[in-house]
Amino acid sequence: MSGLEPWRERRERCPDCGVAIGDMHAAACDQALCHGCGRQRISCFDCPQQGADRWTGTDPRFAACERLGWFALPAPGWPRCEPGTPGAWPDLNRLYAEAQWDPQDHTWTPEPPTIIVLLPTDDG
């Protein structure tokens with residue numbers, strides 16, 4: 001064991017299909033990403049450009065959460081927390097809700113915040 005959080009450890013082989021770093025995931029591997037939407041390819045049936053995905057040694061969704069500083073605690077409701085909080089895991093729920101997948105770059109980026117402007121009305 002490296003002493004790193006379990007989600008951060010680099011693995012020489014995919015934990016699901018067993019391919020080595022740099023090799024293509026098996027068709028039914030739950031670690032492979034859909035290139036069209038960025039979610040698990042095994043669960044994606046709507047995207048026309050699922051594409052082949054290579055094992056990198058880590059889960060790229062976890063890497064995106066780490067880059068964005070999005071973490072949560074494994075407790076009911078997965079409450080958000082700061083990076084470095086003991087026991088924190090990458091917040092995949094927030095990633096899927098608040099980030100957008102770029103199918104060209106194969107990266108997640110935060111969606112711009114929605115700004116609502118309330119204007120006064122003439123009805124008092």
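Biologist: Where is the place of Leu119?
Modeller: This is a predicted model. Strand E5 covers 107–110. Leu119 has its place in the segment after strand E5.

Biologist: Is Leu119 buried or exposed?
Modeller: The relative accessible area of Leu119 is 67%. The cut-off for exposed is over 50%. Leu119 therefore counts as exposed.

Biologist: Which residues make the nonpolar surface patch?
Modeller: The patch has an area of about 380 Å². Leu119 is one of its members. The patch is made by Ile115, Val117 and Leu119.

Biologist: How much space lies in the largest pocket?
Modeller: A probe the size of a water molecule, rolled over the atoms, shows where empty space is left. For the largest pocket, that space comes to about 210 Å³.

Biologist: Which residues lie nearest the centre of the largest pocket?
Modeller: The lining holds 14 residues. Helix H1 (60–68) and E5 are the elements that give two or more residues to it. Nearest the centre are Leu33, Pro60, Trp101, His106 and Thr107.

Biologist: What is phi of His106?
Modeller: Most residues other than glycine have a negative phi. His106 has a positive value, though not a glycine. Its phi is near 55°.

Biologist: Is His106 buried or partly exposed?
Modeller: Its relative accessible area is 37%.

Biologist: Which loop holds Trp78, another residue with a positive phi?
Modeller: Phi of Trp78 is near 45°, and Trp78 is not a glycine. Trp78 is partly exposed, because its relative accessible area is 38%. Its loop lies between strand E1 (71–72) and E2.

Biologist: Which residues are closest to the centre of the second largest pocket?
Modeller: About 170 Å³ of space lies in the second largest pocket. Its lining is made up of 13 residues. The closest to its centre are Trp7, Arg11, Gln31, Asp59 and Phe62.

Biologist: How many charged residues are in the lining of the second largest pocket?
Modeller: Six residues of this lining are nonpolar and three are polar. The number of charged residues is four.

Biologist: With which residue does Asp59 form a salt bridge?
Modeller: The closest N and O atoms of this pair are 2.6 Å apart. Both residues of the pair are buried. The partner of Asp59 is Arg61.

Biologist: How many salt bridges does the count come to?
Modeller: Asp59 with Arg61 is one of them. The cut-off is a side-chain nitrogen of Lys or Arg within 4 Å of a carboxyl oxygen of Asp or Glu. The count comes to three.

Biologist: How many residues apart are Glu98 and Arg80?
Modeller: Glu98 forms a salt bridge with Arg80, with the closest N and O atoms 2.4 Å apart. The pair links distant parts of the chain, helix H2 (residues 92–98) and strand E2 (residues 80–81). The two residues are 18 residues apart.

Biologist: Is Glu98 buried or partly exposed?
Modeller: Glu98 has a relative accessibility of 27%. Buried would need under 20%. So Glu98 counts as partly exposed.

Biologist: What distance separates the C-alpha atoms of Ala27 and Arg41?
Modeller: Ala27 lies in the segment before H1. Ala27 counts as exposed, because its relative accessibility is 69%. Ala27 and Arg41 are 14 residues apart along the chain. Their C-alpha atoms are separated by 8.5 Å.

Methods:
Residues numbered from 1 in each chain as written. Predicted model: local features only at pLDDT ≥ 70, side-chain atom pairs only at ≥ 80, totals over all residues. Heavy atoms only, no water. Patch = residues over 30% accessible without salt bridge, like charges linked within 9 Å, V, L, I, M, F, W, Y side chains within 5 Å. Areas by Shrake-Rupley, 256 points an atom, 1.4 Å probe, with all protein chains shown as cover. Helix = DSSP H or I, 4+ residues; strand = E, 2+ residues; numbered from the N terminus. Buried < 20%, exposed > 50% of the residue type's maximum accessible area, 1.4 Å probe, protein only. 1 Å grid on protein atoms, 1.4 Å probe; cavity = no way out; pocket = protein on both sides within 12 Å on 5 of 7 lines; lining within 4 Å. Points joined across faces, edges and corners; volume = space filled by probe spheres on them. Nonpolar A, V, L, I, M, F, W, Y, C, P; charged D, E, K, R; others polar.
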